[in-house]
2 protein chains.
Amino acid sequence: MSNHYSSVGLVTAQRAEFNVPLPLANGSTLDQYEMVYETYGELNAARSNAVLICHALSGNHHVAGRYNLDDKNPGWWDTMVGPGKPIDTNHFFVIGVNNLGGCHGSTGPSSLDPATGQPYGSAFPVLTVEDWVHSQARLADRLGVDRFAAVIGGSLGGMQVLQWSITFPDRVANALVIASAPKLSAQNIAFNDVARQAILTDPDFHGGDFYRHQTAPRRGLRLARMLGHITYLSDDGMGEKFGRMLRSGSYQYGYDVEFEIESYLRYQGDRFSGVFDANTYLLMTKALDYFDPARHTGHNLTQALAAVKARFLVVSFTTDWRFSPERSREIVKALLDARKDVSYVEVESVHGHDAFLMTDPAYVRVMRAYLRRVAEGLQI
Amino acid sequence: MSNHYSSVGLVTAQRAEFNVPLPLANGSTLDQYEMVYETYGELNAARSNAVLICHALSGNHHVAGRYNLDDKNPGWWDTMVGPGKPIDTNHFFVIGVNNLGGCHGSTGPSSLDPATGQPYGSAFPVLTVEDWVHSQARLADRLGVDRFAAVIGGSLGGMQVLQWSITFPDRVANALVIASAPKLSAQNIAFNDVARQAILTDPDFHGGDFYRHQTAPRRGLRLARMLGHITYLSDDGMGEKFGRMLRSGSYQYGYDVEFEIESYLRYQGDRFSGVFDANTYLLMTKALDYFDPARHTGHNLTQALAAVKARFLVVSFTTDWRFSPERSREIVKALLDARKDVSYVEVESVHGHDAFLMTDPAYVRVMRAYLRRVAEGLQI
């Protein structure tokens, strides 16, 4: 029992520097860059037990464990990664990485541009999921990992998993694509664009070069995050948790917080806008918009997946309306049509898109069962 | 055939002044105010054929017809109101009114406060659906209408219809509640609050008194409208109309318009923010949040509807996710439980919430059929 809930313990972020230019989808290159990452568990002698965790919009490399004994918040997927947990660090060598363009240590818009000695700001390139996969592959090379036992991610992370299986079919044994989609819908793009416009039109954005003005577009980023949060939760889940509950028990007839849901959203927005980089937020939403692996095969996803060799686990959640089960089924159908090996589970959950970060029992069970089989099949 | 598509023709807005203080839900009063309205058709001798049209968030009194021969855009419900149309001005005396707090002529935040000679701005009271119904009843008195053959509205307009039937049971013969809800969900309130925060945090808002600074919070209002638009359209409808269509045929890797859906939304936002009053927008969203007729009857909607005498037509649209069919069914169930006379139609439509302004054939058919029976039953 205690094993189920034990932690990877204290962890330290590591840093890898790269000096070979990385060609990007936009036609430019990133000539030198750093990536921060963390690892949990031990790489086995056969180097066959590595697992890569790909993060979503606001995630990072700090997947599990704590930085010190007073650290109140463990890594963002500490419920899933650790000894005895579904992504079991007794069996796997788990890698968490902060994507390029991020704001948690890897080279991004707030990093110093070696060409100018100033933060990149608007000069930082717009990146794609393909760019991230290429950069992650270089990190894997550095760590001596030729082939991953599993690449795992939810939401935007799931898109990276899909791209890994397409770009490097020989380097992915198992692909776990959770609460994701094969491409954004018009509505998905629309929400992203409102979020971006909130940031881009904030007078403190300064065309992306707000760093040199010692300010940040916090109003815009706050709105973007508030809006994002609505799409992460389900209508039902929000109803159960907040309903029409009033702060003070009666209508105030003004514009301060009135309903508890307002208080929750504003708090989330305030907190996020104080710690996250607005340029990173913009860049992440663009990577979401651009992701469309079937774009290169005449909009035929089956054909895009033709060369894939991984076995797949695809997971969706019933109340997720950002990336609904229907979107996961598109992936599953294309994999089946391409005669690939795929398991699909639609988890009953009230948690909407956020469910991929939660611990609904059926979700935890299927992750544990799938990954136990992966662990049992490892070459040692 | 031509009769079906004929118009009420040229129309003129009229103005009514009121000098008896109107008590408001927030405890204050509006001491003097004006309401602009339009009428189409003739009030019959028995004064039994009046129909009130209640508008939604961005609507107004200009429901049908044109102001002059060069006027390119007819009133907002010109498809529904006119000679031979479902709300047939050959039979009905139709009244359109701009709600108090509006920005199309009725007294609102941008009107001059007689106490100061300056625009009300932040001094204008937050209004409720109940306040509107009371003010509309005074206008009906002025026009000599004791009892409406029908009160009709979609969305926020449908809430006014519901409130009319509750507040003045003897004054409403038929209540047509379209694409509406008995109260907002937490998710509905959340979207409204993001829209409000966009306006309230715009540096040009000046606490609501932007008029005196010769500016307006256009950035915030633009974002609010963009967000609103996403919730008016269905995911499917947006997908059919825009999909992932690119402006230029290829990815630009920047933050200008890339997908057609972005172009559409930004255009809608730009246009709206140039003509609509931000304080009115705030006030309308608050009226939506506050509407909850069952609040006075221990959250029992059936009980709230106990004294209602109107016959009801409730209409919802399959792809409306802002006020889904489920929300209309709550109203229908409460009416049935209260042993009221109600017809309910769930219209198959791809147009989402906006469908109430469109002309899906099944929708037009049911409106026409219901109102023909109302016309046939009129006392003359």
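A salt bridge here is a side-chain nitrogen of Lys or Arg within 4 Å of a carboxyl oxygen of Asp or Glu. By that rule, eight salt bridges cross the interface of chain A and chain B. The model is predicted.

**View 1. Overall build of chain A.** Chain A holds 10 helices and 12 strands. Its C-alpha atoms fill a box of roughly 65 × 50 × 50 Å along the principal axes. The radius of gyration of chain A is 21 Å, which agrees with the value near 21 Å for a compact globule of 380 residues. Buried residues make up 61% of the chain. Of the contacts in chain A with a separation of 6 or more, 72% join residues 24 or more positions apart.

**View 2. The interface of chain A and chain B.** Contact involves 53 residues of chain A and 53 residues of chain B. The two chains bury about 4800 Å² between them, with 65% of it on carbon and sulfur atoms. On the chain A side, R244(A), Y253(A) and Y255(A) lose the most area to chain B, together 17% of what that side buries. Between the chains, 26 residue pairs are in polar contact. Elements of chain A that give two or more residues to this side are α3, α4, α5, α6 and α7. Helix α3(A) gives the most, with 11 residues. The chain A side divides into 28 nonpolar, 11 polar and 14 charged residues.

**View 3. Salt bridges between the chains.** R266(B) pairs with D193(A), the closest N and O atoms being 2.8 Å apart. The pair runs from helix α6 of chain B to helix α3 of chain A. R266(B) counts as buried because its relative accessible area is 11%, under the 20% cut-off. D193(A) is also buried, at 0%. A second bridge joins K286(B) to E258(A), with the closest N and O atoms 2.7 Å apart.

View 4. The side chains of R329(B) and E346(B) meet at 3.2 Å, N to O. This pair links distant parts of the chain: R329(B) lies in helix α9, E346(B) in strand β12, 17 residues apart. R329(B) is partly exposed at 40% relative accessible area, and E346(B) is partly exposed at 36%. K333(B) and D337(B) meet at 2.7 Å, N to O. Both lie in helix α9 of chain B, four residues apart, about one turn of the helix. K333(B) is exposed, at 51% relative accessibility, whereas D337(B) is partly exposed, at 44%.

View 5. Salt bridges with shared partners join D193(A), R196(A), D289(A), E262(B) and R266(B) into one network.

How values were computed:
Residues numbered from 1 in each chain as written. Chains lettered and ligands numbered in written order. Predicted model: local features only at pLDDT ≥ 70, side-chain atom pairs only at ≥ 80, totals over all residues. Heavy atoms only, no water. Contact = heavy atoms within 4.5 Å. Buried area = accessible area lost by both parts, 1.4 Å probe. Polar contact = N/O pair within 3.5 Å; in protein donor to acceptor, adjacent residues only side chain to side chain. Nonpolar A, V, L, I, M, F, W, Y, C, P; charged D, E, K, R; others polar. Rg over C-alpha atoms; globule rule 2.2 N^0.38 Å. Buried < 20%, exposed > 50% of the residue type's maximum accessible area, 1.4 Å probe, protein only.
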